[in-house]
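The tour goes from one selection to the next.

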Amino acid sequence: MRPTKFLNIKNSNESIIHKTLISLLLPACKTVERANLELGWIKQELPESSWLKACQDRNRLIPLQYILGNQPFGSLDIKCTPNVLIPRNDTEDWCIELQELINNNIDSGITIADICTGTGCIALSLAESQKIEIAKGFDISTHAINLSLENKIRNKSHLPNFKNIGFQIGDIFNSNILNGEKFDLITSNPPYILEEDLLSDEKSGGVEESVKIYEPMLALKGDCEFYEALVSNVIIPSECKAFVFELGYMKQAEFTMEKLRYLSKDLWESGLRYDSGNNIRNIIAWKAHSDYKFLSQMVSRN
């Protein structure tokens with residue numbers, strides 16, 4: 001009977017440990033189902049000796065990606081560290097869609113610039129395509145540029161034009177951010193969350209508490225000033241043929257196109273893309289009659 005008794009004690013201990021860890025995760029996860037899911041990831045990614053601390057950190061609302069140190073992004077493994085915005089699933093979705101459209105509609109040789117690049121996830125995701133000849137990411141944060149360079153090395157096997165991918169310090173409000181370089185396609189996920197939403201609590205539709213406490217405000221808080229800078233300092237000087245910007249509000253999309261019509265001598269066409277939650281997520285624009293009209297396939301039909 002000793003072995004059976006030992007197994008019962010072991011199972012009982014495992015059950016107690018499991019319940020303890022789940023209880024630690026609940027304040028951040030809100031539901032038992034989500035807590036079980038996150039505990040599964042913790043057990044998968046970290047050694048057993050780190051499980052308790054990981055759950056204690058999560059109990060303090062530290063984002064899981066900072067605890068685990070990474071976030072999957074398509075086929076890439078993106079390293080995550082404090083002081084740099086965590087890649088979101090909504091961003092991953094439109095990047096994958098854009099990459100597929102480039103693969104199916106462009107012969108080769110496309111050059112892209114990603115502004116406010118953060119972890120580098122957008123530039124690196126697009127650079128998985130062999131059609132991307134040059135990809136450059138710009139960010140004002142030294143933390144972000146150092147991390148994006150790490151992520152480039154981390155995902156080297158996925159990047160066919162590895163040597164032509166670069167990341168550098170660049171201020172979106174500097175009219176010479178591109179140093180005179182020209183690009184075919186511009187992407188950006190700039191800070192776009194309004195201060196009122198950052199101040200509101202989560203129950204009132206505001207931003208998650210863990211985001212406000214731990215993720216960099218530099219990458220979160222912003223409004224139309226960033227889209228004005230993108231048009232004036234990036235779109236016009238780069239002579240690009242198309243752009244895809246992430247945003248959070250209709251007024252930011254309307255402002256962007258109004259600014260572009262005012263400043264550009266070229267005729268542009270544009271549309272909006274909504275995410276899986278039916279929230280406005282992107283403004284997509286291309287020069288009329290250009291070979292980037294295929295981006296209209298990203299526009300939501302609602």
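Which residues line the second largest pocket? Select Glu14, Ile17, His18, Leu21, Lys43, Glu48, Trp51 and Leu52, which together form the lining of this pocket. The space in the second largest pocket is about 160 Å³. Two elements, α1 (2-29) and α3 (51-59), each give two or more residues to the lining. Colour α1 next: four lining residues come from α1, the largest share. The model you are looking at is predicted.

**The whole protein**

The protein has eleven helices and nine strands. Along the principal axes, its C-alpha atoms fill a box of roughly 85 × 45 × 35 Å. The protein has 302 residues, and 50% of them count as buried.

How much of the contacts in the protein with a separation of 6 or more comes from residues 24 or more positions apart? The share is 67%. The next stop gives an example of residues meeting across the sequence.

**Tyr66**

Select Tyr66, in helix α4 (residues 64-68). Is Tyr66 buried or exposed? Its relative accessible area is 12%, and buried means under 20%, so Tyr66 is buried.

Show the side chains around Tyr66. Beyond its neighbours within four places in sequence, Tyr66 is in contact with Cys80, Thr81, Pro82, Asn83, Val84 and Ile86, and also with Tyr214, Glu215 and Pro216. Then draw a distance from Tyr66 to Thr117, C-alpha to C-alpha: the two are 18 Å apart in space and 51 residues apart in sequence.

**Two loop residues with positive phi**

Go to the loop between α3 and α4, where Leu61 is found. Leu61 is not a glycine, yet its phi is positive, at about 75°.

For the last stop, select Asn179. Where does Asn179 lie? Asn179 is in the loop between β5 (165-169) and β6 (185-188). Asn179 is a residue other than glycine, and its phi is also a positive value, near 55°.

Key:
Residues are numbered from 1 along each chain as its sequence is written. This is a predicted model: local features need pLDDT of at least 70, side-chain atom pairs count only at pLDDT 80 or more; totals for chains, interfaces and linings use all residues. Side-chain values use heavy atoms; hydrogens and water are left out. Buried means under 20% relative accessible area, exposed over 50%, partly exposed in between (1.4 Å probe, protein chains only). Contact means heavy atoms within 4.5 Å. On a 1 Å grid over the protein atoms alone, a cavity is a set of points where a 1.4 Å probe fits but cannot get out, and a pocket is an open set with protein on both sides within 12 Å along at least five of seven lines; lining residues have an atom within 4 Å of a point. Grid points are joined across faces, edges and corners, and a volume is the space filled by probe spheres set on the points.
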